[in-house]
Structure formats: structure tokens, C-alpha cells
Amino acid sequence: MGPAERVATVFRARFGSEPALRVRAPGRVNLIGEHTDYNEGFVLPMAIDRAVRIALRPRSDRTVLAASLDFAEEKAFCLDDFARDGPGWLEYVKGTAWALAEAGHRLIGWEGVLAGDVPIGAGLSSSAALEMAAARAFSAVSGLAWDPVPMAGLCRRAENEWVGVGCGIMDPLIVGAGREGHATLVDCRSLEMRPVPLPAGTVAAVLDTSTRRELTGSAYNERRAECEQAARLLGVEALRDVSAAQLHARRGSLPEVVLRRARHIVAENERTLEAADAMEDGEARRVGRLMNESHASLRDDFEVSSPALDAMAECAREASGCYGARMTGGGFGGCVVALVDEAAARAFLDGVGRRYRDLTGLEPTLYLCRPEAGASVTRVGE
Ligand code: GLA
């Protein structure tokens with residue numbers, strides 16, 4: 001049974017009726033454009049066919065009562081009194097409610113059952129999926145208009161200020177605004193979005209190294225600070241405003257490490273724009289080459305890869321049917337994404353799994369992902 005059926009079944013058993021609403025919010029994989037979002041640059045993610053699901057009904061009081069099947073826990077909080085309750089899944093729901101309330105929305109309580117099949121902590125945005133699922137649930141029960149762009153901004157605020165993780169806008173935005181069958185080129189300054197299809201005959205493979213990173217760890221914030229320092233020293237608002245030629249001309253004004261961080265961001269923005277064009281032109285090889293270059297830059301200049309991610313990217317490139325592969329998400333563990341020939345995809349996964357196991361002794365999880373639509377809600381009877 002998938003998570004959609006499981007939440008509905010448990011809802012019936014626990015609350016004695018059909019759920020009035022069913023919410024789905026997908027995870028995402030980023031094809032290219034890494035660590036560029038908080039530099040007001042470009043990203044090219046897609047929402048995937050793995051999601052957080054909530055089956056729920058409104059309540060007549062100000063309580064939110066939620067049961068998580070993944071954590072085997074039922075918890076509640078009151079919309080009149082937001083208090084932190086230690087780390088845990090409920091804080092993502094509560095933080096989202098807090099951010100919506102802070103924005104002046106009048107919220108109504110609900111009760112429901114949650115479950116998902118987005119692997120947690122793998123770099124596929126399980127937390128943004130949970131927050132955007134909560135945002136859809138609150139919007140539906142409270143009669144708020146649904147626009148994924150401002151909602152993504154509020155979920156980002158929840159993650160930054162309530163959960164305490166300094167992420168950018170990419171994850172909640174693509175979780176909210178993903179387009180079926182397409183990746184989306186996002187300008188993280190204007191939030192303008194351009195859907196782009198994957199090249200015909202290709203598929204995205206997500207290759208989970210089974211190693212995990214801690215996003216709250218200091219490295220992510222350190223990279224952000226280095227990028228901000230680079231922008232300051234170069235006299236621009238964000239690294240988005242710097243071209244490769246400008247950076248080269250001013251290279252003497254940056255400390256060596258800061259220069260390498262900036263070099264990654266500037267080149268990654270250019271690669272991401274080129275990859276979107278190449279995808280539209282159906283040029284899988286060109287997209288793959290850009291993905292490989294992105295990985296090298298993240299490994300050598302930005303220094304957010306890991307031995308497991310490097311090994312997985314190598315295994316992918318050695319397998320037949322692979323156009324290119326790179327680490328995806330924040331880094332230091334989690335997943336590699338590869339662009340693969342659809343006809344060869346199954347054999348590709350088998351080959352990569354064998355090779356990675358031999359090389360590292362780790363047991364990977366490998367799957368193909370379809371680009372899906374962003375967060376949605378269905379009312380009973382629809
Ligand atoms: C994490 C953050 C995103 C983005 C990526 C790196 O996933 O949540 O905002 O910065 O890292 O591209």
C-alpha cells in the first residue's frame with residue numbers, strides 16, 4: 001500500500017469517517033544549479049513522484065491533531081499558542097502554521113494522518129514537502145487562496161526561523177510549483193519560472209549513497225557566509241550579478257577560498273542557463289556534460305561533495321546509458337542524480353548498484369523519477 005492509501009485507511013480507523021481532504025506534496029530532485037538559490041541565481045529542479053500525504057478534516061476548535069505513520073506518533077498543538085517542542089516532524093507543521101499566522105492569515109484547526117515516501121535527510125526535500133503539505137492543508141481548511149510562490153516564501157520562513165535551518169527558496173518553490181513532465185528553470189531573484197521538458201528518451205535516476213548529511217551543520221551556513229563575503233568584496237548585491245570575466249578581472253581582491261566559492265557560483269549559474277536551453281533542444285549529451293562539470297566544481301571549488309558522492313557519480317558515469325551525473329542538494333551525503341537513456345535505465349541501475357557496493361561496501365537505494373506536478377489537494381467526492 002502506498003502512502004496515499006495508508007493515510008486514508010488509518011484516518012478512517014482513527015477518526016471514523018472518510019477524510020474530507022487529501023493533500024499531496026512531492027519531494028524534488030535538483031538537476032543542476034546547486035547552492036545558487038541563496039545567491040539569487042538559477043536552479044533547475046523537478047518535483048518527483050514521491051510525496052508526503054495528509055488525509056484530514058477540519059476541526060471546530062483551534063487545535064491541530066496530527067498522527068505521523070512514519071514516526072508512529074500522534075501529537076497536537078494549539079493555534080493560539082505557538083511553542084517549540086524540541087526537534088521532530090511536528091515542528092515543520094507547527095512552524096508552517098506559525099509563518100502563515102505571522103503573515104496575517106486566520107487559521108482553522110484540523111485533524112489528520114500523515115505519511116510519505118520521500119526518503120528523509122537524503123537531499124530530496126522531505127522537509128519542504130512536509131511544510132508545503134501542511135501549508136496546503138491549512139489553506140484548504142481555512143479558505144486561503146493558494147498561490148505556490150508566496151506560500152513557498154512562508155515555508156522558507158518556517159524552515160529558517162522556526163526549524164532553524166538556513167535554506168534557500170528552491171525547495172518549497174519547486175515542491176509547490178512543479179509542472180508534470182517538466183523540470184523548472186527558476187530565477188531565484190525574480191522567482192520567474194520556465195518549465196523545460198527532459199530530453200526525449202531520457203529519465204532522471206536518483207542514486208542514494210545511503211550516507212546522510214546534517215543540514216543544520218555549520219558547513220552550509222559557512223558556504224553562505226563565504227558567498228556573502230565574496231559579494232561584499234566585489235561590491236555587488238549577490239554573486240548572481242557577477243560574470244566569469246568580471247570575477248577573473250577582480251580575482252586579486254578575494255581570499256583564495258572565497259574566490260573558489262565564488263567561481264563555483266558564477267560558473268554554475270551559466271551552466272544552469274545553458275542546461276535549460278540544451279534540454280529544450282533535446283541535447284542530452286550537452287546536459288550530461290554540464291552535470292559532470294557541476295559535480296567537479298562542487299567537489300573542488302565549493303567543497304560540498306563527499307567520498308561516497310564522488311564514488312556514486314563515478315559509478316554512474318561508468319555504466320552504459322549515462323549522459324552525466326552529479327551530487328544533488330546541499331551535499332556531504334545523500335544522493336547523486338544522473339540523466340540516463342530511458343531504454344537502458346533498468347540495466348543502468350543494476351550496474352551502478354553492483355559497482356557501488358563493490359567499491360564502497362555500502363548498500364545504495366536507486367530509483368527512476370518522473371517529473372510530477374507540485375502540491376495539490378483533493379476534496380472528498382472530487
Ligand atoms: C539545500 C537547501 C536549498 C539549496 C540547496 C543547495 O537543499 O535547502 O535551498 O541551497 O541545499 O543547492
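Predicted model: local features only at pLDDT ≥ 70, side-chain atom pairs only at ≥ 80, totals over all residues.
Residues are numbered from 1 along each chain as its sequence is written, and side-chain values use heavy atoms, without hydrogens or water. Local features need pLDDT of at least 70 and side-chain atom pairs pLDDT 80 or more, while totals for chains, interfaces and linings use all residues.

**Exercise 1.** Describe how helices α4 and α5 pack.

*Solution.* Start with the geometry: α4 (residues 148–163) meets α5 (residues 170–177) at about 145°, and their axes are 8 Å apart. Helices here are DSSP runs of H or I with at least four residues, numbered from the N terminus; axes are lines fitted to C-alpha atoms over the stretch in contact, with angles from 0 to 180 degrees between N-to-C directions.

Next, look for the contact, meaning heavy atoms within 4.5 Å. From α4 come Pro148, Val149, Ala152, Cys155 and Arg156, and from α5 Pro172, Leu173, Gly176 and Ala177. Finally, sort these residues: seven are nonpolar, one is polar and one is charged (Gly counts as polar, Cys and Pro as nonpolar, Arg as charged).

**Exercise 2.** Which side chains have a polar atom 2.6 Å from a ligand oxygen atom, and how much of the ligand does the protein cover?

*Solution.* Begin with the polar contacts (pairs of N or O atoms within 3.5 Å). For Glu34, a side-chain N or O atom is 2.6 Å from a ligand oxygen, and Tyr220 also places a polar side-chain atom 2.6 Å from a ligand oxygen. Then turn to the area: on its own the ligand has 310 Å² of accessible area (Shrake-Rupley method, 1.4 Å probe), and the protein covers 98% of that.

Notes:
Helix = DSSP H or I, 4+ residues; strand = E, 2+ residues; numbered from the N terminus. Polar contact = N/O pair within 3.5 Å; in protein donor to acceptor, adjacent residues only side chain to side chain.
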